[in-house]
Amino acid sequence: MRNSYAFSIALLLSLACLSNLMAQFTGGNAAGYAAATSVTQQLNPPLFNDLQLVNFTQPADNQSLNINTNYHLTFTVKNTGTYPVFPNDSIFFTVKLNANIIIDSFFFTSPDTLQVGASTNKTFPNIFNFSDSTANAQLCVTINGTSFAADSVVSDNSLCNTINITDPSGIDSYQNSKGYFFYNPLSKCVILKDFYDVQKIYIYDLMGREMPFIAIAENEIKILKLLENYPQIIFIKVYSEHLVFSKKLLLF
Amino acid sequence: MIPYWKIFKIVNMSKKIFIQILLIFLIKICFSNNVRIMSAPALINPSPVYKTVYIDFNMSWDNSWRSSTNYDAVWLFAKYKKNNGVWEHAYLDTDENNYSVTNENGTASQFEVGINNISGTNRGIGVYAFRGGNGTGNINWENIQLKWNYGENGVNNTDSVVVQIFAIEMVYVPQGAFWIGDGASFSRFHQGNNQNAAFQISGQPIQFGTTAGSLWATGSWDAPTGTLNASYPTGYNAFYCMKYGITQLQYVDFLNTLTRIQQNERTASDLSSSVTNVSNIYVMSATTTPSYRNGIRCNNTIAANTPVTFYCDLNNNGSMNQSDDGQYIACNYLSWADGVAYGAWAGLRPITEPEYEKACRGTSSSIAGEYAWGTTNITGATSITSPGAADEKANAGANCVYNNATGVQGPIRVGAFASSSSTREASGASAYGIMEMSGNLWGRVVSLGSAAGRTFTGINGNGNLNTQGNAALNNWPGTNAVGSGLRGNHWKGTVINGKISARDNGNYESAIRNEMFGFRLVRTQ
């Protein structure tokens, strides 16, 4: 009996091997080919929750601001779409100086349902701290990109105020805090300018995971080449001699 | 290999053993090979910032395998069309990590992207999907997601598109040294002036000549000198080969993505833009009824200027794509230009003469007069059952279509000789599991026996055709077929030309369409 079972197992194993060996030579109703067609589909669906910036209150137009001082940013967003914005819909904002230097990027999470046609005045404390003494700068708030909710696409929309930035202490005494960085979408590089005595640079994603990069220039202007598969939002942290800069950055 | 029934007879089995083996049989009987896309593709998770979207669909295919030697794969590529536009090739992402299967149903998936450098930029032309580990059996993958970089195609965020996914069963032919020539077949390759010695392709430069260690042939040969162009695909390096020749449904779907000018170029009937009445509705043979089992047709009345709709109608009853309309029959009446146009459009390329021999023989030593299935035994089909249907078969015992059998008179369905328990010889399969490499339809190859063929550098198709509808890739034999050849025999031919190493027509340059010409393509990863 034992021999019978042993033989049974051996035979089954042999057949299993035969089965494997023959797999490439077996077949049936073979077509070797298939195709299928989708329905017509819009790549990015209609703007269900079309949010618009309708008022940019602070800092007011032509206001003079001091460098290295914290200011509040106040603006009004209105739902001009055809569906309400639900709680936890996260809308992405970018604050830029002179149209291309990103000062900060942040999410606004709707605290309550924002009905169609309703406006919400948002205030963001300590949102910017100028490290550049450029006079007559354009400070712009932009809603752009896709929110976390799949059906909450917002259109590109910006409001800008002209501001005068003054630097009562002079550039030299604030050398350590002058640095800023921006993203070049063509080269997929982050460019760091005017940082003094940089000791370490880190890039993190939204989950706080460190992201790899390649430093391809190490002089006064530092260029960080981003690797593939970077997320849309990153945080850059720069350690200089006395200060630590940490900013969000939107990759276009 | 011992057939199962003999094993039954030999062994005095207990009832339990018998039931266990019977179960194995029942499982095997369920096997087939047909790849199917089980759901209409959907576009999901668009990114307006990066201008990417995922093409999501379900796909199954049966009797898949992966061993330490090789594996089967499905070549996936996509075409898209904007509102009222023309079909364009979709550039997929070049990173295999951006492809996934949400529900693998027990079979791990793996992807390999086919990349072409187009105008200095790498573009994903298509992607191979295959088993992630060794094993055999059916595959049922749900929510396969391919990343389409629509921004690279110049498509805007607000555009509406329709997308087609195409799936072609392929077989991986691994890198390795192999033999060409068998010491017996007409016009065979051989080593130096020793006509009985096969020549080994080992990855080293190939020197032509009649001295030992050099490559020469007994015919279909223009007596070259020097060394073979180093970029000519010799078959030493790995490549993927279509498991079957182009089927009639496959060619119909191709035609239906072309412009009217391109359609007219890729068919035999006059379908020029001003034509509105078509008498020769069977467009590949330019006849009024199906010819030699080719059932590709259009309607009698067509609109001027706009693309024509083609379909299969082998039973000639005017209803399109019925279950016996020959969708899976190998497509004949393909000219060289037709075949390479399909290849360029699908991101594939023509096969070379030595690649043909490797795809048939594998790395084994040559056997004099062997066919693609590795023996000299051949049984021609004399009749067909379920003609035109998905389960079309030849008479029992046949493993090849050749010799102009009265009961056949044309090519047979691809994979028709493979059954749930067939051996290599019975199914007419090559060493790697590639079907119908001997018989059915002439295989078209890039010749090694002509100077024009030897300039071929193996560039893969990039998904695109020129305005006229022709392939336009550097160093491919052109529409005049100069540099091409024929291998593998056909349904009308005699037994001689079906041998792996027979190359009486190895540099026969024919640009015409006829009932014996089919096409099979490959791609270098």
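I'll start with helix 6 of chain B, where B:E353, B:P354, B:E355, B:Y356, B:E357, B:K358, B:A359, B:C360 and B:R361 are buried. That is 9 of its 9 residues, with the helix running over 353-361. Just after helix 6, B:G362 takes a positive phi of about 70°.

Before going further: this is a predicted model. Its scores are ipTM 0.87 and pTM 0.74. Chain B has an average pLDDT of 92, and 94% of its residues score at least 70. The exception I would point to is residues 1-32 of chain B, where the pLDDT is below 50. Beyond near neighbours in sequence, that stretch makes 31 contacts in the model. Where pLDDT is low, the predicted coordinates should not be read in detail.

Now to another helix of chain B. How many of the 8 residues of helix 3 are buried? The count is 7, so helix 3, at residues 248-255, is largely enclosed by the rest of the structure. The buried residues are B:Q248, B:L249, B:Q250, B:Y251, B:V252, B:F254 and B:L255. What covers them? From chain B, the cover includes helix 4 (260-265), strand 16 (296-297), strand 17 (311-312) and helix 5 (336-346). Chain A takes part as well, through its strand 1 (33-37).

Next, the core. The largest nonpolar core has 140 residues, and B:V74, B:A167 and B:C241 have the most contacts inside it. Strand 10 of chain B, residues 160-173, gives the most to this core, with 10 residues. Why does the core lie between domain 2 and domain 3 of chain B? Both domain 2 (36-173) and domain 3 (248-327) give residues to the core, so it lies between them.

Leaving out residues up to four places away in sequence, B:C241 touches B:M170, B:V171, B:V173, B:I351, B:A359, B:I434 and B:V522. One of those, B:A359, is also among the buried residues of helix 6, where I began.

That leaves chain A. Its secondary structure is 1 helix and 17 strands. Of its 252 residues, 25% count as buried. Take the contacts in chain A between residues at least 6 apart in sequence: 68% of them join residues at least 24 apart.

For the pairing, look at strand 10 of chain A, residues 157-166. Strand 4 (residues 63-66) runs parallel to strand 10, with 4 bridges joining the two. Here A:L65 has A:I165 as its bridge partner. Strand 9, residues 137-143, also pairs with strand 10 of chain A, but in the antiparallel sense, over 7 bridges.

Confidence in chain A needs a word. The mean pLDDT is 70, and 58% of the residues reach 70 or more. Where in chain A is confidence lowest, and where is it highest? It is lowest in helix 1 (residues 2-22), at a mean of 45, and highest in strand 1, at 92. Over residues 1-21 of chain A the pLDDT is below 50, and this stretch has 14 contacts beyond near neighbours in sequence. Residues 169-177 of chain A also stay under 50, and the model has 14 contacts for them beyond four places in sequence.

To come back to helix 3 of chain B: strand 1 of chain A, part of its cover, is where chain A has its highest confidence.

Conventions:
Residues numbered from 1 in each chain as written. Chains lettered and ligands numbered in written order. Predicted model: local features only at pLDDT ≥ 70, side-chain atom pairs only at ≥ 80, totals over all residues. Buried ≥ 20, exposed ≤ 12 C-beta atoms within 10 Å, placed from the backbone. Contact = placed C-beta atoms within 7 Å. Core = buried A, V, L, I, M, F, W, Y, C linked by C-beta atoms within 7 Å. Domains from an automatic or database assignment. Pairing = 2+ DSSP bridges. pLDDT = per-residue confidence, 0-100.
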